[in-house]
Amino acid sequence: MNSNILTLIISFFIIVLVQVFLFNNMFIFGFINPMIYLLFLVVYRFDDDQTLFILLSFVLGFCIDFLSQSGGAHTISSLTIGFLRPLLIKYSFGVNSEAPSSFQNDLRRRNKYFFLALLILIHHLLYFTIVYFNWSATFLILKNTIITSVFSLILIALISRFYKKLNDT
């Protein structure tokens with residue numbers, strides 16, 4: 001078995017388990033629940049198979065929903081990010097510039113953090129919109145999106161600095 005595939009499978013299961021058993025039970029200030037499972041969607045290599053990535057995005061969201069006993073909001077949000085990720089990469093790193101092969105290998109910090117913030121904001125906005133799904137909860141959706149995005153962004157940025165590079169060939 002290819003070591004890259006093995007690393008991908010191991011990191012997938014570790015991220016799912018850490019999210020479900022640690023971060024889903026952590027409520028900062030009583031209502032902030034950081035979603036670090038997006039780290040998998042960030043560190044997946046940019047030049048790898050996009051079809052596999054969309055499938056893994058679906059499976060990731062489904063596993064989080066199944067183990068958290070939630071109603072499918074993680075699946076829809078993760079799958080949407082799976083489809084939007086190539087556009088977010090082009091928008092963040094520029095259409096004319098050479099896109100990096102992975103998130104860890106790029107030296108342009110501003111572009112990396114812009115990509116990370118954009119990905120997290122879109123995911124969280126979609127997630128909380130699906131969870132609340134009510135016009136009267138618009139303020140609550142925006143408040144939870146912004147505050148949870150900030151904490152998720154900080155945690156994912158810190159973890160990604162120490163995260164072992166995937167496919168470091």
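Predicted model: local features only at pLDDT ≥ 70, side-chain atom pairs only at ≥ 80, totals over all residues.
Me: Before we look at single residues, what do the words buried, exposed and partly exposed stand for?

Reply: Buried means under 20% relative accessible area, exposed means over 50%, and partly exposed is what lies in between.

Me: Which secondary structure elements does the protein have, and in what order do they run?

Reply: There are six helices and zero strands, and from the N terminus on the elements run α-α-α-α-α-α. Of the contacts with a separation of 6 or more, 67% are between residues 24 or more positions apart.

Me: How much of the protein is buried, and which residues have the most contacts inside the largest nonpolar core?

Reply: Buried residues make up 43% of the 169 residues. The largest nonpolar core has 35 residues, and those with the most contacts inside it are Tyr37, Phe40, Leu41, Leu60, Phe115 and Ile156. Helix H1 (3-21), helix H2 (38-43), H3, helix H4 (73-93), helix H5 (109-132) and helix H6 (138-162) each supply at least two residues of this core. In soluble globular proteins, nonpolar side chains tend to be buried together.

Me: Which residues does Leu41 contact, leaving aside its neighbours within four places in sequence?

Reply: Leu41 is in contact with Phe53, Ser57, Leu60, Ser78, Ile81 and Arg85, when neighbours within four places in sequence are left aside.

Me: What makes Ser149 buried or exposed, and what does Ser149 touch?

Reply: Ser149, which is found in helix H6, has a relative accessible area of 7%, and since buried means under 20%, Ser149 is buried. Not counting residues up to four places away in sequence, Ser149 touches Ile120, Leu121, His124 and Asn144.

Me: Why are Asp47 and Arg45 said to form a salt bridge?

Reply: The closest N and O atoms of Asp47 and Arg45 are 3.3 Å apart, and a salt bridge needs a side-chain nitrogen of Lys or Arg within 4 Å of a carboxyl oxygen of Asp or Glu, so the pair meets the condition. A search of the whole structure finds one salt bridge. As for its two partners, Arg45 is buried, with a relative accessible area of 11%, whereas Asp47 is partly exposed, with 49%.

Me: How many aromatic pairs are found, and why is the pair of Phe12 and Phe13 called edge-to-face?

Reply: The whole structure has ten aromatic pairs. The rings of Phe12 and Phe13 have their centres 5.7 Å apart and their planes at 85°, and because centres must lie within 6.5 Å and planes over 60 degrees apart count as edge-to-face, this pair is edge-to-face. Phe12 is buried at 7% relative accessible area, while Phe13 counts as partly exposed at 48%. Ring pairs also link Phe12, Phe13, Phe40, Tyr44 and Phe53 into a cluster.

Me: What makes the pair of Phe62 and Phe66 stacked, or edge-to-face?

Reply: Their ring centres are 6.2 Å apart and their planes stand at 15°, and since planes under 30 degrees apart count as stacked, the pair of Phe62 and Phe66 is stacked. Both residues lie in helix H3, four residues apart, which is about one turn of the helix. Phe62 counts as partly exposed at 45% relative accessibility, and Phe66 counts as exposed at 60%. Phe62 and Phe66 also belong to a nonpolar surface patch of about 640 Å², made together with Leu52, Leu55, Phe58, Val59 and Leu67.

Me: What makes Gln69 and Phe133 buried or exposed?

Reply: Gln69 has 73% relative accessibility and Phe133 has 71%, and since exposed means over 50%, both count as exposed. Gln69 is in the loop between H3 and H4, and Phe133 lies in the loop between H5 and H6. Although Gln69 is not a glycine, its phi is positive, about 55°, and Phe133, also not a glycine, has a positive phi of about 45°.

Technical notes
Residues numbered from 1 in each chain as written. Heavy atoms only, no water. Patch = residues over 30% accessible without salt bridge, like charges linked within 9 Å, V, L, I, M, F, W, Y side chains within 5 Å. Areas by Shrake-Rupley, 256 points an atom, 1.4 Å probe, with all protein chains shown as cover. Buried < 20%, exposed > 50% of the residue type's maximum accessible area, 1.4 Å probe, protein only. Contact = heavy atoms within 4.5 Å. Core = buried A, V, L, I, M, F, W, Y, C linked by side-chain atoms within 4.5 Å. Phe/Tyr/Trp six-rings, centres within 6.5 Å; stacked < 30°, edge-to-face > 60°.
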